Amino acid sequence: MNRRDLFKGVFATTALSYPLYKFINLLITRDSFQQLSSPKISKTRNYIQFNFYGGPTRWCYDHLLNPYNDKYYHHPMANNQISPSLSKKEKFYHQKKYKGINLPLLWHENLLNKTPMKELLNNALIIRGAHLQGTTGHPMSSSKTIAPSIGGLSIDGLLADRSEKLLSSITIGDTPVNRAFKSVSSSCIQINGNVNNKLSYLLTPFYLEKNGHRDKEVDLVVEEVIHIINESQESLTLKNDLKKARQFFGDNITLFLNEYSSLVQKYDQIIKESIKHKIKGIDDHVIPTPRLPLTVKGDKSIDDLLGPYKVSNVYMLNMDLREILNKAEISQMSENFALAEFISKYGLSSSIVFANKNEIGNMFENITHEMAYTENMIVREFDKETNTTTLRAKSSPRKETPRLSFDSHTTGSIINTLTCSKFFYSFSNCLNELISRLKDIKLEKGNLFEETIIHVTSEFDRWPEENLSGSAHNEQSHVSTFYSGIIHEPIVLGNIFTGDKNSSSEAYTIGNSAPVKELKQRVHIGHISSTLSTLLRVPPIVKRAESLVEIQQGRVVSRIERARNIEGSYENYLG
């Protein structure tokens with residue numbers, strides 16, 4: 001009996017879940033047992049995607065609206081700083097240079113370990129102004145971040161087909177991003193975001209505990225394989241390796257779970273300290289909010305006057321706005337980073353994708369205000385004679401815990417600037433810790449960070465509302481940022497339109513995709529995918545879309561001009 005027949009025989013007689021199936025297959029085809037150990041250089045680079053499904057605004061973070069001093073028209077929704085007064089129309093998009101690139105002030109904040117946050121960009125490639133080629137809404141647009149042609153192969157599918165690792169591909173969450181996996185011949189382990197211990201979920205097929213007693217699944221499976229080996233007179237080495245494998249998992253699973261638990265605690269502490277940290281220009285001062293009654297000149301709606309302080313249908317008034325984060329938590333982030341570090345450290349998988357636990361992703365959990373107002377608690381009065389609008393409370397305020405969604409249709413500008421800045425600061429501290437650990441893991445040549453691509457993305461950025469009460473989808477302004485040890489300097493690519501002051505809909509610079517000279521067209525999601533393929537050492541999925549970079553002597557080099565702001569608007573470009 002050859003090894004292929006042996007493999008078929010085992011799985012024709014044994015009901016197995018995927019990880020154990022993969023593990024036994026590796027043993028049979030390799031005739032060797034490799035314990036969990038430091039990873040080795042593979043045919044492909046490892047891939048970690050952090051996907052913020054819902055499309056939060058990223059103007060304070062990596063959506064750089066004016067990196068090289070081009071023409072720029074500021075929209076007050078795109079602020080990256082908060083005034084200590086109640087001014088809401090003032091320009092608060094402030095930047096400082098780093099290595100020739102204008103960066104929002106958040107990047108000039110120190111991380112918790114005193115490292116300047118901007119140093120993360122020494123290994124970053126930012127591609128802005130990519131359009132989504134006709135798709136709208138979250139499901140299809142988000143799917144393109146992993147599978148650029150709807151229904152076609154996915155990036156993690158390509159990696160899975162080339163993987164020799166125990167768990168070729170993992171996806172965490174329950175969104176269209178997680179369901180977009182498609183390969184030629186491989187499987188992907190999908191873990192629902194509501195699973196409490198994700199590593200335990202992954203390792204359960206190897207070693208089960210039921211009511212405090214070890215389940216016999218692993219023993220039964222291995223005994224079945226050994227029985228078939230005996231009948232086929234296969235190698236004694238393989239039989240011994242199977243026995244060693246059984247003993248290895250029996251002895252070490254508890255150690256792995258304990259290590260993972262420690263990693264979760266580490267990242268959880270980082271997040272808690274990040275939320276408490278006061279960011280210069282954001283929450284290092286009191287953030288005042290309006291008080292009722294409120295009278296202003298003109299015929300104004302409630303959102304015209306209170307929109308910047310709105311979350312969903314709740315207005316955060318009569319307070320220092322910073323108080324809404326007193327009890328705030330970030331769901332899943334600590335587990336996600338812990339799993340990314342563990343999987344990377346032991347070389348368990350070629351790709352892992354993190355998205356929201358469901359399609360209603362919250363930036364923060366437990367946003368609270370003890371004396372908030374909903375819209376039906378406020379009465380609006382307009383006096384024609386004096387041309388004034390007055391807002392009054394028609395009932396007493398009450399405690400509210402509104403949902404702060406990534407999909408920020410009804411998140412006002414000031415609350416949005418505060419919460420996005422705090423979220424991306426927390427994320428950056430976790431990212432810095434993960435990257436540091438990847439750099440510590442030495443390979444035969446270089447370190448693990450040089451063999452890893454970390455992709456930070458969401459389906460699109462936003463189109464701001466004029467009254468600053470929220471923002472809509474903007475499928476013309478996708479942003480992807482890649483971190484890797486093969487990127488040796490900050491690189492910003494992708495052109496955007498400046499906007500046109502004479503335009504009724506595009507008077508401002510908000511990131512809308514503009515043509516690039518070398519491409520003779522705008523950057524689109526296919527170019528993002530092909531660039532990622534170049535970084536990962538896999539064939540492009542969209543063959544007609546060229547990569548925006550190439551790798552020369554182990555470092556990433558741009559193939560197109562640096563990011564520019566092109567005068568005009570997207571609507572005029574379309575004719």
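Two strands count as paired if DSSP finds at least two bridges between them. Strands themselves are DSSP runs (E, at least two residues), numbered from the N terminus. With that in hand, let's walk through two parts of this predicted model, in which local features need pLDDT of at least 70, side-chain atom pairs count only at pLDDT 80 or more, and totals for chains, interfaces and linings use all residues. Residues are numbered from 1 along each chain as its sequence is written, and side-chain values use heavy atoms, with hydrogens and water left out.

Start with strands E15 and E16 (residues 388–393), which run antiparallel and are joined by 6 bridges. Within this pairing, Val379 has Arg392 of E16 as its bridge partner. Both strands belong to an open sheet of 3 strands, ordered E9-E16-E15 with antiparallel pairing. Its edges are E9 (294–297) and E15 (378–383), each pairing on one side only. From one strand to the next, the twist averages 20°.

Now turn to strand E22 (residues 478–483). All 6 of its 6 residues are buried, so E22 is largely enclosed by the rest of the structure; buried here means under 20% relative accessible area, with a 1.4 Å probe and protein chains only. In a regular strand the side chains alternate between the two faces of the sheet. In E22 both faces are covered, with His478, Ser480 and Phe482 buried on one side and Val479, Thr481 and Tyr483 buried on the other.

Technical notes
Helix = DSSP H or I, 4+ residues; strand = E, 2+ residues; numbered from the N terminus. Axes fitted to C-alpha atoms, helices over the stretch in contact; angles between N-to-C directions. Buried < 20%, exposed > 50% of the residue type's maximum accessible area, 1.4 Å probe, protein only.
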